[in-house]
Amino acid sequence: MNLILFGPPAAGKGTQAKRLVEQRGMVQLSTGDMLRAAIASGSELGQKVKGVLDRGDLVTDEIVIALIEDRLPEAEAAGGAIFDGFPRTVPQAEALDAMLAKRGQKIDSVLRLKVDEPALIERISKRFAEQGRPDDNPEVFVTRLAAYNAQTAPLLPYYREQGKLTELDGMASVETVAGSIDAALSVVA
Ligand code: AMP
């Protein structure tokens, strides 16, 4: 099963993806994690994208599509992928559909975690204080939210039209959200 955890930054996608990895043995494919690892390693890619992440803008579709394509065989072997933070634009979604179709696969479900903006801002200030991730600082976060609203939210109709979108209340506790994810997936699997 291939599933997309969809939502704005700080909606809880990473937290829920990690639980699904533990419980279902699926592979989490987080382009944000991959890009941060590239930056930490000092690779050519890392040097190229560092400024973009620091500003809170999106890196090019080409870069993230290539990162995902590299990891698809591993996810397939594990029985499925949880896409976390990818796709973030319509061209990325189209590329993902095409890459999966080439492998005889598809996206089975898109779970949208709905969280309102004041709650996101509150969560992010807490995460910034605890973890100090540079792009969680309040000014950069405004840019990340704007990128979500302008470039990523338009994916909702794309998946709704495919009949794959389930909307979940991401304001609930981690455990409650986990329960709604399991309920939504039990219908798919
Ligand atoms: P995240 O950890 O998913 O919030 O991603 C952190 C940052 O990495 C984003 O603010 C973007 O700069 C970049 N990024 C991650 N995933 C993507 C993507 N699918 N498309 C473009 N940029 C991305």
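Mentor: We shall discuss a pair of helices and then several salt bridges. Please keep in mind that this is a predicted model.

Trainee: How are two packed helices described?

Mentor: Two packed helices are described by the angle between their axes and by the distance between those axes. Here, helix α2, residues 31-41, packs with helix α4, residues 61-78, at an angle of about 100 degrees. The axes of α2 and α4 are 10 Å apart.

Trainee: Are α2 and α4 roughly parallel or roughly perpendicular to each other?

Mentor: An angle of 65 to 115 degrees counts as roughly perpendicular, and α2 and α4 are therefore roughly perpendicular to each other.

Trainee: Which residues in α2 and α4 meet?

Mentor: From α2 come T31, M34 and L35, and they meet I63, V64, L67, I68 and R71 in α4. In this contact of α2 with α4, six residues are nonpolar, one is polar and one is charged.

Trainee: Let us turn to salt bridges. How many salt bridges does the count come to?

Mentor: A salt bridge is counted when a side-chain nitrogen of Lys or Arg is within 4 Å of a carboxyl oxygen of Asp or Glu. The count comes to 17 salt bridges. In one of these, E167 pairs with R112, and the closest N and O atoms are 2.7 Å apart. This pair links distant parts of the chain, as E167 is in strand β5 (residues 165-169) and R112 is in strand β4 (residues 109-114), 55 residues apart.

Trainee: Is R112 buried or exposed?

Mentor: R112 counts as buried, because its relative accessibility is 17% and buried means under 20%. E167, in turn, is partly exposed, with a relative accessible area of 34%.

Trainee: What does K114 form with E167?

Mentor: K114 forms a salt bridge with E167, with 3.9 Å between the closest N and O atoms. K114 lies in strand β4 and E167 in strand β5, so this pair ties together parts that are 53 residues apart in sequence. K114 counts as partly exposed, at 40% relative accessibility.

Trainee: Which residues do salt bridges that share partners join into one network?

Mentor: Consider D135 and R133, which form a salt bridge whose closest N and O atoms are 2.8 Å apart. Both D135 and R133 are buried. Through shared partners, salt bridges join R127, R133, D135, D136 and R144 into one network.

Methods: Residues numbered from 1 in each chain as written. Predicted model: local features only at pLDDT ≥ 70, side-chain atom pairs only at ≥ 80, totals over all residues. Heavy atoms only, no water. Axes fitted to C-alpha atoms, helices over the stretch in contact; angles between N-to-C directions. Helix = DSSP H or I, 4+ residues; strand = E, 2+ residues; numbered from the N terminus. Parallel < 35°, antiparallel > 145°, perpendicular 65-115°, else oblique. Contact = heavy atoms within 4.5 Å. Nonpolar A, V, L, I, M, F, W, Y, C, P; charged D, E, K, R; others polar. Buried < 20%, exposed > 50% of the residue type's maximum accessible area, 1.4 Å probe, protein only.
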